There are 2 protein chains.
Amino acid sequence: MTEATMRGKQPSMADVARAAGVSAQTVSRTLRDSPNVNAETRRRVLTAVEQLRYRYNGAPRLLSSGRSFTLGLVLLQSGGYYSRSAVTAGVEAAAGQAGYSVSIATIAELDTAMMEKSLLKLSDQGVDGIIIAVPLISVTQRMEDITRDIPTVTVDGSRTTGARVLGIDQHEAGRMATQHLLDSGHRQVWHVAGPDEWIEARQRRQGWQECLRAAGIDAPPPLEGDWSPESGYRQGQILAMIPEVTAIFVASDEMAFGVIRALRERGRSVPADVSIVSVDDIELAAYCHPPLTTVRQDFYSSGAAAVALLLGTEDAGESVAQPSLIVRESTAAPRSR
Amino acid sequence: MTEATMRGKQPSMADVARAAGVSAQTVSRTLRDSPNVNAETRRRVLTAVEQLRYRYNGAPRLLSSGRSFTLGLVLLQSGGYYSRSAVTAGVEAAAGQAGYSVSIATIAELDTAMMEKSLLKLSDQGVDGIIIAVPLISVTQRMEDITRDIPTVTVDGSRTTGARVLGIDQHEAGRMATQHLLDSGHRQVWHVAGPDEWIEARQRRQGWQECLRAAGIDAPPPLEGDWSPESGYRQGQILAMIPEVTAIFVASDEMAFGVIRALRERGRSVPADVSIVSVDDIELAAYCHPPLTTVRQDFYSSGAAAVALLLGTEDAGESVAQPSLIVRESTAAPRSR
DNA sequence: GCAGCCTATGTTACCCGTGCCATTCCTAAC
DNA sequence: GTTAGGAATGGCACGGGTAACATAGGCTGC
């Protein structure tokens, strides 16, 4: 770290106060739009701020009030690019609205030690709240401690004692996708699930299973991917070898890309031979070939809702956004045999 | 904000000191692994830390050092999901390595006022450095002021007086893509560019133009998208109507998805009728139909390099990663007429 | 004309980890 | 035995914004 990285000696409120001929307190009040400041005084202060290039320093406030007006966001480094971006944007927008800034902590992979380190890091930073957008595979004592001390919301649905939970109704997403395939005339629906550590993945799988059971169908064993298109491709290669597969519910759009590619390479066309429904409705879902029938999730709103829940803006209640089915061209009636 | 959002009264070093029967200073030394601490004293202190569940508080250090150990990252809210995620991950990883945390500021659209607001917000937070991952369409006085006071790196290549610049060689990316199409036997290469405000887009376009000029070909007028697949689709519709178009260089994978869709809908097949080369190599590029021939960019490394540049870890020098051409199936020789 | 209140501003203390210096005790060297 | 040096520890001030309290005018109402 070179000295160029230092902020140098920045002017303090006291400096501004001196320049404006008032007390530091008045400067503080002016900058925070406190009501009881004379218009003329305010003008003088703002002029001084301008001249000295004063910049606010949040550390003292954190020190004395314990509030940093910063929220921490825990993300996974790889996979699910679209959803991650959208959640981040939603969080940042809602936080900004409320005067909070957002500090991110990415973890390279789902690993308890890394998770703990991230939470610790955010805790050390003094964040006022934490939004966890990855599943908690296992919760350590220290994690419990942190989430008890700092308000926490998990977006994925996993929980600690302290954390509140918010999630899109993944159950319903799985049900809708499966039902659509059954409605199209398919007798059986296969499933490429997400990693079982993710509650989202588990719920989608359960939705699929229950929908099939309700229709009196024995669910085939689900295959499991890791959200990546590559994992979808691998599972797709397996499914392509099973002649009776005519309909697949894939737990994410990105995996669906891989599944479709594998099917195509084995000469099975989508949707003529096999119908596919996935989940997310990423931007590219409408532009690939064939355009994906998929269950849309509003990640942006989820992110915003998480912040609202954290800040108590929302009157709590695990507010759950409803997913909606977007029918495009990856589904069709099964070929009559 | 409810009182539940407070961190509550956390134990301080003084509390630990009292419990261990030593001074706060000794606690501080113990926790920082200072050499001159008796083994027995250390043990007592650590026991007290454990018992009181003491957690370190960074605020006072920030207060006295004037450093926040936080870097600001400016992102665009929409579009380029993959690249944005990857840059973010790279930045966060490198920053974390160096003991810094990352605070994000997203702007909804490329707009000078929003840009200024974001920088101001980061400045108010007291970040030690700023990484700007969007183009600076116009630089205001205040933006100049901020980037002079706070070390800044732009990842896209735009500059202010203060900011240092880092970028992948986009020129070369454009050249490589175009040359590949010429090498495949095409006589002319069309171009769907990114928004002209983005230096990346401009450089890719220039690389394309120069490559054509070097081959003695008059470049056709470029079409312009906004990075979204939807904009690629619109431009693709136009290109699909021009019979002599046999090769298109598209400035991003996501737009290429749209272009291909439009071509297909008009009955023009890729790559049999039209060859496509794009830029980025997003994860899905290998799994769509046809798999995209594209120029790979290492966004993660760019993000990491930006941090290195900011922190002076790197010996400056606008370090530039070289792009590489990934040949897949969206390119072929032109159909002989 | 004075209590009562409101507005505008100033003063003081506090938050807590750490740099700096002081202090104590001990050992080694002369 | 005395001094020098080192190890272990304590005391104190500092950083800068802000809550809480104090103060000084000015205005209303009876």
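Here is a walk through this predicted model, from its DNA surfaces to its helices and the contact between its chains. Residues are numbered from 1 along each chain as its sequence is written, while chains are lettered from A and ligands numbered from 1 in the order in which they are written. Because the model is predicted, local features need pLDDT of at least 70 and side-chain atom pairs count only at pLDDT 80 or more, whereas totals for chains, interfaces and linings use all residues.

DNA strand D has 25 residues around it, the closest including Met13(A), Pro60(A) and Ser23(B). Two or more residues each come from helix 1 (13-20), helix 2 and helix 4 of chain A, and from helix 2 and helix 4 of chain B. Helices here are DSSP runs (H or I, at least four residues) and strands are E runs of at least two, numbered from the N terminus. Helix 4 of chain A gives the largest share of the surface near DNA strand D, five residues.

Now look at how helix 2 of chain A meets helix 3 (residues 39-52) of chain A. They pack at about 95°, with axes 10 Å apart; the axes are lines fitted to C-alpha atoms over the stretch in contact, and angles run from 0 to 180 degrees between N-to-C directions. These two helices of chain A are therefore roughly perpendicular, a word used for 65 to 115 degrees. Thr26(A), Val27(A) and Thr30(A) of helix 2 touch Thr41(A), Arg42(A), Val45(A) and Leu46(A) of helix 3, contact meaning C-beta atoms, placed from the backbone, within 7 Å.

Further along, helix 9 (residues 199-214) of chain B has buried residues including Ala201(B), Trp208(B) and Leu212(B); buried means 20 or more other C-beta atoms, placed from the backbone, within 10 Å of a residue's own. The buried residues pack against helix 8 (170-183), strand 6 (190-193), strand 8 (247-250) and strand 9 (275-280) of chain B. After helix 9 comes Gly216(B), with a positive phi near 75°.

Finally, the contact between the chains takes 56 residues from chain A and 57 residues from chain B. On the side of chain A that touches chain B, helix 5 of chain A supplies the largest share, eight residues.

Notes
A residue is near a molecule or strand if its C-beta atom, placed from the backbone, lies within 6 Å of it. A residue is buried if 20 or more other C-beta atoms lie within 10 Å of its own, exposed if 12 or fewer, and partly exposed in between; C-beta atoms are placed from the backbone. Two residues are in contact if their C-beta atoms, placed from the backbone, lie within 7 Å. Angles under 35 degrees count as roughly parallel, over 145 as roughly antiparallel, 65 to 115 as roughly perpendicular and the rest as oblique.
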